[in-house]
Amino acid sequence: MASFTELVNGMKTAFRSGKTKSYEWRRQQLEGVLKLMDENREEITDALKKDLHKPKLEAVVFEIDFCRNDLIETMNNLKEWMKPEKVKKSLANFMDTCYIQKEPFGVALVIGAWNYPIQLTIMPMVGAIAAGNCVLLKPSEVSWNTAQLLEKLIPKYLDNDCVKVVNGGVAETTALLKERYDYVFYTGNTFVGKIVMKAASEYLTPVTLELGGKSPVYVDKNCDLKAVANRLMWGKTCNAGQTCIAPDYVMCTKDVQEQLIQSMKTTLGEFFPDDPSKSESYGRMVNSRHFQRVKKMIDSNQDSIAIGGDTNEKDNYISPTILKDIKFTDAAMNEEIFGPVLPIIPVANEDDAIEHIVSGEKPLAMYVFSNDNTVKDKFRNSTSSGGLVINDTMMHAGVMTLPFGGVGNSGMGAYHGKLTFDTFSHNRACLERELKMESLQSIRYPPYTQRKMGNIRWATTKKLKGRSFMSYVPFFVIGTIAAYVIKVFGLHNKLPFFNE
């Protein structure tokens, strides 16, 4: 098995040199990433086409421009983000300077995913660099053409001492995880996420785990089912359903199911007028293994196919497929589908749906279609998930001011926009004070007395809201003046307060 000890140690040496901490270095690297994206747009879209048959619009909008917009947001705000963050102070610290310093962790390992191999690799890297870290990238070997492209391009545009790419499979990833890092950021499935976390725990290395799970959908009665079908089918057919936040299954009443299926048929006819297999707007399963995995789900539910079910092994093609009258115990419900198959499960009402959701693992995303505020509130207040979207699917991921991440089995930590910068930054607590007014400080020094304790408690004990901080300012001013007078006239040796 390969060893990456020398490589990682070299990056640690580069970090200790201090060059990654300057604004100038960070800005220069981010400009390099921008140049990489702009100068190699066609190569990137070609690689994504080879790996996933990814439509050009999806490659440009969801991979290149998605990363580019996040990058521009970071570049525009980096100076502000790097500034020390002032914090509120108590009366005891009124004269002190208290702030949070954003400092880089050191060397960060970023393990990308194959389904969005540009977005899920470049975006964490951008945040890590912006925060002043060195970055070791491990693209997914499943999207091999994109992984090779990143290995070729990144050394041309970024600092070769501080940003490196390692390609390979399970053996290389296993070897990488044996090394000690200052931060690990992993995107992928829950099974591997546990392996990553276990490896990181050996050194108590902090981690962000962007995982997945079965993201549920509830469709209420009295909805515009054509609009619901459009938004559901868009979320399910993007990247051929290979999206961590794709709708995984639908819950609705039996009556709604039949109407929804008809609307879905209409929608799919509009999305792919001829045949999805001939459409340039529809992708493919990434490889034969994943094709067979999803095909097995379809084969085990042949009697439940309401729409689709067509496959072509030579092309790794699976048509958009709707399964009806599915039970929670059926094979399609045993694991995250991660493909263009959407089961519909009849339930009695929203309470029935919520009961199922809360009895399982917390999902990465949850989608509720309803015009009833009571129903919306029930899902908002009675469930937990990484994200909640009402009357649409997946759109929350494009809002850079919202945290993107899971909870429980669907992951830990979040990123996007400033949150990525914060993820890769250690919040260092800083307090600065002058070596003056020592007479005021003496009340905390031994020997301890009842009077000293009373004064300390008066200055530090929190008060319930109702009386503002300003009401205590006169007392503070009087105390400061008194301390000054005592110091100037040398009264501290004469007053019993200071001699107890």
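Predicted model: local features only at pLDDT ≥ 70, side-chain atom pairs only at ≥ 80, totals over all residues.

Colleague: Let's pick a helix. Is α5 enclosed or open?
Modeller: Enclosed, largely. In α5, 12 of the 12 residues are buried, so the rest of the structure largely encloses this helix. Among them are Leu120, Ile122, Met125 and Val126. Gln119 and Thr121 are on the buried list too.

Colleague: Which span should α5 have, and what does the model give?
Modeller: Helix α5 covers residues 119-130. At 1.5 Å a residue, its 12 residues should span 16 Å, and the end C-alpha atoms are 16 Å apart, so the two agree.

Colleague: What follows α5?
Modeller: Gly132, with a positive phi near 95°.

Colleague: How does α4 pack on α5?
Modeller: Two numbers describe a packed pair of helices: the angle between the axes and the distance between them. Here α4, residues 56-82, meets α5 at an angle of about 10°, and the axes are 9 Å apart. Angles under 35 degrees count as roughly parallel, and therefore α4 and α5 are roughly parallel to each other.

Colleague: Which residues meet there?
Modeller: From α4, they include Phe62, Phe66, Asp70 and Leu78. From α5, they include Gln119, Ile122, Met123 and Val126.

Colleague: Now α6. Which of its residues are buried?
Modeller: Thr146, Ala147, Leu149, Leu150, Leu153, Ile154 and Tyr157. Those buried residues pack against α2, α3, α5, β4 and β5.

Colleague: And what is the span of α6?
Modeller: Its 14 residues, 144-157, should span 20 Å at 1.5 Å a residue. The end C-alpha atoms are 21 Å apart, which agrees.

Colleague: Change of topic. How many aromatic pairs are there?
Modeller: The structure holds 12. Take Phe185 and Tyr415: their ring centres are 5.0 Å apart and their planes sit at 80°, so this pair is edge-to-face.

Colleague: Where do Phe185 and Tyr415 lie?
Modeller: Phe185 is in strand β6, and Tyr415 is in the loop between β17 and α14. The pair therefore ties together parts 230 residues apart in sequence.

Colleague: Is Phe185 buried or exposed? And Tyr415?
Modeller: Phe185 has 0% relative accessibility, so it counts as buried. Tyr415 is at 0% and counts as buried as well.

Colleague: Which other ring pairs with Tyr415?
Modeller: Phe404 does. Their centres are 6.2 Å apart and their planes are at 80°, so Phe404 and Tyr415 are edge-to-face. Phe404 sits in the loop between β16 and β17, 11 residues from Tyr415.

Colleague: Which residues form the aromatic cluster?
Modeller: Phe105, Tyr183, Phe185, Phe404, Tyr415 and Phe424 form one cluster.

Colleague: What sits over the ring of Tyr116?
Modeller: The charged end of Lys54, 4.0 Å from the ring centre.

Colleague: Last one. Where is Ser279?
Modeller: In the loop between α10 and α11. Ser279 is buried, with a relative accessible area of 13%. Leaving aside neighbours within four places in sequence, Ser279 is in contact with His53 and Phe272.

Terms used: Residues numbered from 1 in each chain as written. Heavy atoms only, no water. Phe/Tyr/Trp six-rings, centres within 6.5 Å; stacked < 30°, edge-to-face > 60°. Helix = DSSP H or I, 4+ residues; strand = E, 2+ residues; numbered from the N terminus. Buried < 20%, exposed > 50% of the residue type's maximum accessible area, 1.4 Å probe, protein only. Lys NZ or Arg CZ within 6 Å of the ring centre and 35° of its normal. Expected span 1.5 Å × (residues − 1). Axes fitted to C-alpha atoms, helices over the stretch in contact; angles between N-to-C directions. Parallel < 35°, antiparallel > 145°, perpendicular 65-115°, else oblique. Contact = heavy atoms within 4.5 Å.
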